[in-house]
Amino acid sequence: MSKKKLIMTLFAVCMMLNLTSCEQETVLEETQLPAEIKTYISTHFPDNTILQAVKDRDGVELTYDIILSDAITLEFNRKKEIIDISSTSKLPDSVIPDKILAYAGSKYPGNYIKDWEISDKNQQVELDNGLELVFTMSGDFLRIDD
């Protein structure tokens, strides 16, 4: 192997190791949270307290993982936008897009939404009966997921 190929190979291996070893979690105090996240929590979850906040950097991906009282977890992306909300009880209506809330309320009136997330360019909610509903980003119903 030529010296140039060896150097390029070593460089590539070092870059791969560097990217895979960039995972870093930092526990944050409530005062260290970005204002957008604090505002979101105080607006939609005013009766809950922040139990833990973690800034999670995994390679180039950055998220903020928040645990609130009453077993509520929130995940925000690097733009400080909410991307995942999970709970063991009913989520506040204010955190569910109107179109999705209306659909779930009309088709499943005896149930409530306990999880909401953005995944693969879709929105997904889980009802208290375990049923998972998938919607477009604009809130149009797509399918029931397994």
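Colleague: Where is the place of S87?

Modeller: This is a predicted model, in which local features need pLDDT of at least 70 and side-chain atom pairs count only at pLDDT 80 or more, while totals for chains, interfaces and linings use all residues. Residues are numbered from 1 along each chain as its sequence is written, and side-chain values use heavy atoms, with hydrogens and water left out. Helices (H or I, at least four residues) and strands (E, at least two) are DSSP runs numbered from the N terminus. In these terms, S87 lies in the loop between β5 and α3.

Colleague: Does S87 count as buried or exposed?

Modeller: Buried means under 20% relative accessible area and exposed over 50%, with partly exposed in between (1.4 Å probe, protein chains only). The relative accessibility of S87 is 6%, so S87 counts as buried.

Colleague: Which residues is S87 in contact with, leaving aside its neighbours within four places in sequence?

Modeller: Contact means heavy atoms within 4.5 Å. With the neighbours within four places in sequence left aside, S87 touches D70, A71, I72, K114 and D115.

Colleague: Which backbone nitrogen does the side chain of S87 reach?

Modeller: A polar contact is a pair of N or O atoms within 3.5 Å; within protein, one must be able to donate a hydrogen and the other to accept it, and residues adjacent in sequence count only if both atoms are side-chain atoms. At 3.0 Å, the side chain of S87 reaches the backbone nitrogen of S89.

Colleague: What is the order of the strands in the open sheet?

Modeller: Two strands pair if DSSP finds at least two bridges between them. The edge strands, each pairing on one side only, are β1 (24-28) and β9 (141-145). The sheet has nine strands with antiparallel pairing, in the order β1-β2-β3-β4-β5-β6-β7-β8-β9.

Colleague: Which residue in the turn between β7 and β8 has a positive phi?

Modeller: Strands β7 (residues 122-127) and β8 (residues 132-135) pair in the antiparallel sense over four bridges, and Q124 stands opposite V134 in β8. The two strands form a hairpin with four residues between them, and the turn residue with a positive phi, about 90°, is G130.

Colleague: And in the hairpin of β8 and β9, which turn residue has a positive phi?

Modeller: β8 and β9 pair in the antiparallel sense over four bridges, with R143 in β9 as the bridge partner of V134. Five residues lie between the strands of this hairpin, and the turn residue with a positive phi of about 95° is G139.

Colleague: Why are the buried residues of α2 on the same side of the helix?

Modeller: The buried residues of α2 (residues 35-44) are I37, Y40, I41 and H44. The arc is taken from the directions from the helix axis to the C-beta atoms. These residues are on the same side of α2 because they cover an arc of only 95°.
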